[in-house]
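Visitor: I'd like to learn how to read a protein model. Could you walk me through this one?

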Amino acid sequence: SGVEWAEDGKTILYGRQPPQTKRSYQVWRHTLGTPASTDVLIYEEKDERFELSPGKTESNRFLLITAFSGSTSEVRYVDARHPAEPFQLLIPRREGITYEMTDQGDQLYILINDTSRDFRVVSAPIATPSRDHWKEVIAAQPGLYIEAIHSFRHHMVYGLRINGLDALRITDTRTGASHDIQFDEPAYSATIGVNRVYDTPVLRFAYQSVVTPQSIYDYNMESRTRTLIKQQEVPN
């Protein structure tokens, strides 16, 4: 029910689910060249409301195990170069609180709805990620819904919804300067696309509107220029 490579070149994390329920409730560790009978159970979720998903941050620095239900989540993480070490719990689950994490440099970035129904973004030192070391990056506020965060080596990208309209906000973490990608149409959908490369100034995003078909762009976050990569063909 999910597979993720560690950064040691020989370890795989994978999820298991019983055929009766299809609920992913275990994450196991497998080492290449060893029989499956020697695989190690890393974590098992006892609460039947929750499922598990293995993953990794965009920098490939941390392996993740996310436990999630409809309205609550919990993240465990470990250095991806040392997958046999114990996973650390980032924030203990609280009913109704959903969060996710990524990293950049010496900081963790956390998207969380712990202060209101709206989400906020906080950062925390990797060495001391407890709540008393948090620094607010984007505050929760009415009319602003933070849908996603994505890290690059020198930039953080935030997928927002401002008064119901999509926005993509870019922050250069070297300078702290931020800007939103500008769109000319009054109504549209713009979302962060699939971005596999971490050390790049180029963001791939998807865009469409009632008059513009599904379009994929590469956006240079430093020059603020965009290139159309692909657009859905519309039959005449």
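Predicted model: local features only at pLDDT ≥ 70, side-chain atom pairs only at ≥ 80, totals over all residues.

Visitor: What joins strand 6 to strand 7, and through how many residues?

Guide: Strands of a sheet pair through backbone hydrogen bonds, either parallel or antiparallel. Here a hairpin of four residues joins strand 6 to strand 7, and the two pair in the antiparallel sense over seven bridges. A strand is a DSSP run of E, at least two residues, numbered from the N terminus; two strands pair if DSSP finds at least two bridges between them. Strand 7 also runs antiparallel to strand 8 (residues 88-89), joined by two bridges, with Tyr 77 opposite Gln 88.

Visitor: Is strand 7 covered on one face or both faces?

Guide: In a regular strand the side chains alternate between the two faces of the sheet. In strand 7, Ser 73, Val 75, Tyr 77 and Asp 79 on one side and Glu 74, Arg 76 and Val 78 on the other are all buried (under 20% relative accessible area, with a 1.4 Å probe and protein chains only). Seven of the seven residues are buried, so strand 7 is largely enclosed by the rest of the structure.

Visitor: In what order do the strands of the open sheet come?

Guide: Its four strands go 13-14-15-16, with antiparallel pairing. Strand 13 (144-151) and strand 16 (178-180) are at the edges with a single partner strand each, so one side of each has no neighbour in the sheet. Strand 15 (residues 165-172) pairs with strand 16 over three bridges, and Ile 170 stands opposite His 179 there.

Visitor: Which residues are closest to the centre of the largest pocket?

Guide: A pocket is an open set of points on a 1 Å grid over the protein atoms alone, where a 1.4 Å probe fits, with protein on both sides within 12 Å along at least five of seven lines; lining residues have an atom within 4 Å of a point. Of the 21 residues lining the largest pocket, Lys 56, Thr 57, Glu 58, His 150 and Arg 196 are the closest to its centre. Strand 6 and strand 13 are among the elements giving two or more residues to that lining.

Key:
Residues numbered from 1 in each chain as written. Heavy atoms only, no water. Buried < 20%, exposed > 50% of the residue type's maximum accessible area, 1.4 Å probe, protein only.
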